[in-house]
Amino acid sequence: MNSTTQFPALLSSITIGSHTLPNRTLMGSMHTGLEALDRGVERLAAFYADRARGGAALIVTGGFAMNLEALLDEHGPQLITPEQADALRPIPQAVHAAGGKIILQVLHTGRYGKTARLVGASNIPSPINRRVPRALSTAEVWQTIEDYVRCAELAMRAGFDGVEVMGSEGYFINQFTVPRCNNRDDAFGGSQENRHRLAVEIVRRTRERLGPQALLMYRISALDLVEGGAPAHETIALAQAIEAAGADVINTGFGWHEARVPTIAYVVPRAAFRFGAARIKRAVGIPVIASNRINMPEVAEDIIASGDADMVSMARPFLADADFVRKAAEGRPDTINTCIACNQACLDYIFTNRPATCLVNPRAGRELEFDEMPLSTAKRRVAVVGAGAAGLACAVTAAERGHDVSLYEAGSDIGGQLNLARAVPGKQEFDELVRYFNVRVKQEGVQLHLGSRPGAAELASARFDRIIVATGVRARTPQIAGIGHAKVVGYADLLAGRKQAGRRVAIIGAGGIGFDVAEYLLNDGGAHGANPSEAAVASFFSEWGVDTAPDVAGGLKAQVAPETGREVTLLQRKPEKPGRSLGLSTGWALRAGLEQRGLRTLSGCSYERIDDDGLHLRVNGEPCLLDVDTVVICAGQDSENSLAGELRALRVDCEVIGGAQHAAELDALRAIDQGTRVALAI
Ligand code: NAP
Ligand code: SF4
């Protein structure tokens, strides 16, 4: 189908201030950590240029500090001096050469700062930072405004097309907008006008000094999602004041970093927060940008076509696929490598001081490394055994490189463990990953053999140049008396729907899969995830206490725990609190949601036996009986690599990847990265 008929609104041009953009997509700001690496600016230039080439109409960089107090940590990006501006020039140059536009985000982290210099509107600490900010004097606030403006001027000197003033997510500017963290009695505290003065003065003075040509974007906190946050009428008043002060466009953000509501994790329905952008759009004359959990062109098209917003901001989806827009424009949305909102390789990497990449796209943030890999031009015959995440990534990458690839899968479908993940409520985005691989397998001409389990002798006689064993993992069966009892169910059988669980359930093993199984058991029909329907959004808002009424402070209301009809106990042997292995930026939401639905957890368990009475165990040495109908085993996995041993016995070389190589801590991130890299090295 032709692009413009499929996504006419999304792909129509728009004029923002003095700039005309070819379509309605914004690559939103995200921290990448690339700047801290050797050749950091070169890496960032390559990263953004890839996205501009792929059709992103406008890009916003990660946040740059305008003074030392504004830094999140000592290594964060800063733009304070002309020399720093000149060093950044390759970034806008590369984006412009690729046909795109890029603006620099000016960010002050305020009381979220991790340095000893942190400052704020008042000396009120954030609940997620034990450091206490120093309250700025009135003169220092005016100086900080000047620092914002100077930083914007430096961005223009570096060649950027403009700036985004970061006024959301609970950072410095937000810390002035509401009394929650602003008890000042000067021109920047008290009345609404005073609390908004910082934001308005930054925009007004930046416009004055930069002139009409610079693109000036303000990112507003459309919904604070914290107690004592702004009611909608205050947010609207701020948006109108920002427009009057000279902003060209308003971008939206949802939820402060300390909010108890997930806003970008996979459990959030697609485009759930579009109402927040629509509310602002109705109140201002300049374009407004919707954001959060917009990851496919259909959703984006609907937002623009319905008039809820003028543009859509996507950050992670451009990490997942630099060619998102080009593929949509060519009428090939099914070839988009969709962001599954897992946060595993982007936010979780940043939170653990590793440069961001992407679970579904290992090239993201590694453009220089991938482009500089020495690649062979010889065409090889390659066999890949196992069509789970590692095998799929390996097969499609090898085929894309021109090799002749046969992919064998014992099951009736591709996907392996990905098919179990997609059965978990809220994780339906994994469907997109399996869809993507299905399309790629066909597109790259991989010869796919489903229901096929080739033996070592068969592979040996076919004389492949390379054999890759990606046969995955098998569930571990713990040695517990009565493990063969009818009450016992393996997680794979449960998630695949081959077996059912009763009303009272014990789960042995509290790793990622134990938690996923708890979610599966306690969230019957309550799945949100990829579903953008009004019912899914309403159910999500009810469960997490999001109020869409206009005059509610912070947009919060009481949470309503969904009925579950089940009693579930999650067990582990370790004495520590369960859930430590979960992703940093998604695990808290999973734990909080399950806690609401009544999940009970026990640590320090030793399992004794399973019989008609239930599960007999000791908890911290004390005997205990769990009178349950079902015991689900989620005790980890062991590698399934017998094929490799058989091949080696025949003196046939092979390479073992993914879970078959190393089962512990295997996830799709490691599997896809390894599969891709092994294929590139063929
Ligand atoms: P896992 O994370 O290794 O957890 C296995 C659990 O089983 C642990 O709680 C372990 O705790 C217990 N266990 C291990 N051996 C046992 C035995 N012999 N008897 C009884 N209990 C035993 O494995 P998984 O949960 O299967 O997850 C597999 C991989 O997928 C992991 O890398 C995980 O990170 C990833 N994953 C992540 C997520 C997520 O982050 N949301 C979701 C799904 C999967 P004790 O030893 O303390 O009992
Ligand atoms: Fe999206 Fe996950 Fe990739 Fe992050 S790591 S961009 S959340 S798919």
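Which residue's side chain meets that of Arg 498 in a salt bridge? The partner is Asp 493, at 2.7 Å from N to O. Before the close-ups, a quick word on the model: it is predicted, local features need pLDDT of at least 70, side-chain atom pairs count only at pLDDT 80 or more, and totals for chains, interfaces and linings use all residues. Residues are numbered from 1 along each chain as its sequence is written, chains are lettered from A and ligands numbered from 1 in the order in which they are written, and side-chain values use heavy atoms, leaving out hydrogens and water.

**View 1. Arg 498 and Asp 493 form a salt bridge.** Here a salt bridge is a side-chain nitrogen of Lys or Arg within 4 Å of a carboxyl oxygen of Asp or Glu. Arg 498 is exposed at 55% relative accessibility, while Asp 493 is partly exposed at 23%. (Buried is under 20% relative accessible area, exposed over 50%, and partly exposed in between, with a 1.4 Å probe and protein chains only.) Elsewhere, salt bridges with shared partners join Arg 270, Arg 293, Glu 429, Glu 432 and Arg 435 into one network. The count of salt bridges comes to 51.

**View 2. Asp 50 has salt bridges to Arg 53 and to Arg 363.** The N to O distance is 3.2 Å for Arg 53 and 3.0 Å for Arg 363. Arg 53 lies about one helical turn from Asp 50, because they are 3 residues apart in helix H2 (residues 40–53). (Helices are DSSP runs of H or I with at least four residues, numbered from the N terminus.) Asp 50 is buried at 13%, Arg 363 is partly exposed at 23%, and Arg 53 is exposed at 51%.

**View 3. Ligand 2 and the residues that surround it.** Among the surrounding residues are Arg 316, Asn 343, Cys 339, Cys 342, Cys 346 and Cys 358, each with a heavy atom within 4 Å. By class, the shell has 9 nonpolar, 1 polar and 1 charged residues. (Ala, Val, Leu, Ile, Met, Phe, Trp, Tyr, Cys and Pro count as nonpolar, Asp, Glu, Lys and Arg as charged, and the others, Gly among them, as polar.)

**View 4. Helix H15 packs with helix H24.** H15 (residues 389–400) and H24 (residues 668–680) have axes 7 Å apart, at an angle of about 30 degrees. They are therefore roughly parallel, a label for angles under 35 degrees.

Methods. Helices (H or I, at least four residues) and strands (E, at least two) are DSSP runs, numbered from the N terminus. Axes are lines fitted to C-alpha atoms, for helices over the stretch in contact, and angles run from 0 to 180 degrees between N-to-C directions. Angles under 35 degrees count as roughly parallel, over 145 as roughly antiparallel, 65 to 115 as roughly perpendicular and the rest as oblique.
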